[in-house]
Amino acid sequence: MTNDAAPLARALPPEALAYVSDYFRVLSEPMRLRILNTLCAGELSVGEVAQHIDSSIANTSRHLAQMAQYGLIERESRGNSAYYRIADPSVHQLCELVCGSLVRRFDAQAGTHKALRKARTAGDPAA
């Protein structure tokens with residue numbers, strides 16, 4: 001596997017790297033990841049998002065506004081309601097890449113733990 005991202009990151013000016021850092025900071029909040037996961041199913045109103053993530057509309061709106069500021073999601077007003085959808089398809093790819101990697105790591109760890117438990121119950125003194 002080649003590392004094509006490293007040359008691109010080195011080519012970015014410090015201001016752009018600061019923006020990238022802020023972008024990832026927005027993604028570092030678990031509530032925002034829950035919102036993104038909810039919006040993967042399609043466009044929803046603020047109230048619908050809040051209901052899906054079991055949060056208040058005010059708190060959900062605050063998180064949605066921050067994600068919209070960084071272009072992760074788009075907002076569209078319709079009458080008295082605001083609807084949100086994922087704006088950047090690369091958000092899906094990024095989440096799948098990271099989540100997939102973590103699932104594989106957790107599965108590997110679970111397999112190791114299972115093998116150790118099995119060895120212990122079999123009486124293996126080294127386990």
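Start by selecting Val46, Val49, Ala50 and Ile53, which are the buried residues of helix H4, where buried means under 20% relative accessible area, exposed over 50% and partly exposed in between, with a 1.4 Å probe and protein chains only. They cover an arc of only 100 degrees around the axis, which puts them on the same side of H4; the arc is that of the directions from the helix axis to the C-beta atoms.

The model is predicted, so local features need pLDDT of at least 70 and side-chain atom pairs count only at pLDDT 80 or more, while totals for chains, interfaces and linings use all residues. Residues are numbered from 1 along each chain as its sequence is written, and side-chain values use heavy atoms, with hydrogens and water left out.

Next, turn to the face of H4 that points away from its buried side, where you will find the exposed residues Gln51 and His52. Just after H4, select Asp54, which takes a positive phi of about 55 degrees.

To see the contact (heavy atoms within 4.5 Å), select Val46, Gly47, Val49, Ala50 and Ile53 of H4 together with Ile57, Thr60, Ser61 and Leu64 of H5.

Finally, move to helix H2 (residues 14-27), and select its buried residues, Tyr23, Val26 and Leu27. These cover an arc of only 100 degrees around the axis, which puts them on the same side of H2.

Terms used. Helix = DSSP H or I, 4+ residues; strand = E, 2+ residues; numbered from the N terminus.
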